[in-house]
Amino acid sequence: MTPEEWTYLMVLLISIPVGFLFKKAGPGLKRWGAAAVGLGLTLFTCGPHSLHSLITILGTWALIQAQPCSCHALALAWTFSYLLFFRALSLLGLPTPTPFTNAVQLLLTLKLVSLASEVQDLHLAQRKEMASGFSKEPTLGLLPDVPSLMETLSYSYCYVGIMTGPFFRYRTYLDWLEQPFPEAVPSLRPLLRRAWPAPLFGLLFLLSSHLFPLEAVREDAFYARPLPTRLFYMIPVFFAFRMRFYVAWIAAECGCIAAGFGAYPVAAKARAGGGPTLQCPPPSSPEIAASLEYDYEAIRNIDCYGTDFCVRVRDGMRYWNMTVQWWLAQYIYKSAPFRSYVLRSAWTMLLSAYWHGLHPGYYLSFMTIPLCLAAEGYLESALRRHLSPGGQKAWDWFHWFLKMRAYDYMCMGFVLLSMGDTLRYWASIYFWVHFLALACLGLGLALGGGSPSKRKTPSQATTSQAKEKLREE
C-alpha cells in the first residue's frame, strides 16, 4: 500500500468513532461539527490546495442565487469546467494538487451539481404552486428552502464521504440533521454486519497485489511470457482492484452507519444515492421510532456479491459505486442528447471518464462498455428467449464468465492509465474482448435481436407501470 492509501484508510477508520459521537447530537452540533471535522481533514490532507474546493463552492452558490430556474445545467457546466482547469494546473505552471485534493474535488462536484438540481426543482415547484393558486402536500425529496451560503458550505465540507464517498443528496443530509429520536436508530449491529467481510477482503487485496503486481505489466519481460499467462494476468489484477475498493467503500459505509447517516425506515424503500422513494411519516415518539425497521440503502455504495456474480455487464455497473451510478443515471443519462440506450450509455460513460480524470486509459476502458452493452443486449434478445430453461441457465453461466472477463479486460485500462501501456497490453492479447463483442453484436443483428432499450421483460414492464402510477400519485 502506498502512503496515500494508508492515509485514506486512516481517515475512513477515524470516521467510525467520530460518527458515534455525532449520532445523538442536535442538528446544530451535527451540522457545524461535521463540517469542522471535514474542513479539518481537507486542510490537513490538501493544504493550500483546499482553495480549489472553496472556489468551486462559491461559484456554484453564486449560480444558484443568480439563476435558480436553470442552475442545474449551469452548475454542471461550471463544476466540470473547473475540473478541466484543476487537472491542467501543471501545464499552466501552477502547483499540482495532491491526490487527496482530487478526491475531495470529485465528490464535491457530484454534491454541488445535485444541490443545484434540488434547488431548481424547489424553484419550479414554487412557481407551479403560485400559478395554480393553492398549496400542495410536500413533494417527496423536495427541499424546504434554498440553502444559505453557510449551509452550502456545511454540506460541502461534511466529513461523511468527503474523500471516498458515498455520495448523498442535500435532502439526505438534512434528514440526518433533523433525524427524530436518533437514539432509536440502530448503528452498532448494522455496522458489524456490514464490516465483517472487510478484513478478509483486505487480506485478499494484499496477497493478490503482492503475487501479481501491476508494475509487471509495464515491463518488457512480461510480453515475452506465453499468451495464456498474459491472458490470465488481468484476472488477479481486477481481483485486487475489486478487493481494494470493497474495503474502502465498506469502511466508508460503516462511517455513515456509525453516525446514523442515511438511515431510513425500510418502508421508505430508499435507493443508493437518491434516498427514499416512498413517503414515510416521521415517528412521533421514541417508542414508535424504536419499533421501526431501518436500513442504510441510501448510502450503500457497493454490492460485493452482485458485482461478482451478476450475469450481465449492464447489471455489473449498477452494483459498483452505486451512489455515483445513481448520480450518473439521474443527471447525465436522463439528459443525454440521444434516445438510444446504447448511445445514452456511451454519453454517460464519456462524461464518467472525464469526471475520473484525463488519463487515456479511463476513456479506452469506459468507451468499451457501450460496445459490450450493445453486444450482450442484441445477442441475448436474439437467442436466449428461444432456449429451454436448462439452456437459459447454461447461457447465463457462460454470459457471467464473459462478463467477468470483459471487466478484467477493461480494468487494465483503468489501472494502467496511459494509452501506450493500455494498448500494448490489449494488443498482446489481440484485443479479444473488442473483437468478440463486435462478433456478438453482428450475430445479434443478423438474427434480428432487438435494441436493449426496447426490450422489457414482464417483471420490468410491471415495475415500470408501478413507477408510473407512483409518479402520477
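Colleague: How far apart are the C-alpha centres of domain 1 and domain 2?

Modeller: In this predicted model, the C-alpha centres of domain 1 and domain 2 lie 25 Å apart. The chain is divided into domain 1 (3–178) and domain 2 (187–452), with bounds that come from an automatic or database domain assignment.

Colleague: What makes this a contact between domain 1 and domain 2, and how many residues does the contact take from each?

Modeller: Contact means heavy atoms within 4.5 Å. The contact takes 37 residues from domain 1 and 38 residues from domain 2. Between them the two domains bury about 3,200 Å², with 69% of that area on carbon and sulfur atoms.

Colleague: How many salt bridges does the rule find across the interface of domain 1 and domain 2?

Modeller: The rule finds one across that interface. A search of the whole structure gives 16 salt bridges.

Colleague: Why is the pair Glu5 and Arg244 called a salt bridge?

Modeller: The rule asks for a side-chain nitrogen of Lys or Arg within 4 Å of a carboxyl oxygen of Asp or Glu. In Glu5 and Arg244 the closest N and O atoms are 2.7 Å apart, so the pair meets the cut-off of 4 Å.

Colleague: Which parts does the salt bridge of Arg244 and Glu5 tie together?

Modeller: Arg244 forms its salt bridge with Glu5. Arg244 is in helix H10 and Glu5 in helix H1, so the pair ties together parts that are 239 residues apart in sequence.

Colleague: How many cavities are there, and what volume has the largest?

Modeller: Searching the whole structure finds two cavities of 30 Å³ or more.

Colleague: Which residues and elements line the largest cavity?

Modeller: There are 14 lining residues, and the closest to the centre of the cavity are Leu12, Ser15, Tyr159, Val160 and Gly161. Helix H1 (3–23) and helix H10 (227–259) are the elements that give two or more residues to this lining. Domain 1 and domain 2 each supply at least three residues.

Colleague: Which classes of residue make up the lining of the largest cavity?

Modeller: Nine lining residues are nonpolar, five are polar and none is charged. Gly counts as polar here.

Colleague: What is the peptide bond between Gly165 and Pro166, cis or trans?

Modeller: The bond is cis, with omega about 5°. Pro166 is placed in the loop between helix H6 (149–156) and helix H7 (170–177).

Colleague: What sets the phi of Phe181 apart?

Modeller: Most residues other than glycine have a negative phi. Phe181 is not a glycine, yet its phi is positive, about 50°. Phe181 lies in the loop between H7 and helix H8 (188–195).

Technical notes:
Residues numbered from 1 in each chain as written. Predicted model: local features only at pLDDT ≥ 70, side-chain atom pairs only at ≥ 80, totals over all residues. Heavy atoms only, no water. 1 Å grid on protein atoms, 1.4 Å probe; cavity = no way out; pocket = protein on both sides within 12 Å on 5 of 7 lines; lining within 4 Å. Points joined across faces, edges and corners; volume = space filled by probe spheres on them. Helix = DSSP H or I, 4+ residues; strand = E, 2+ residues; numbered from the N terminus. Buried area = accessible area lost by both parts, 1.4 Å probe.
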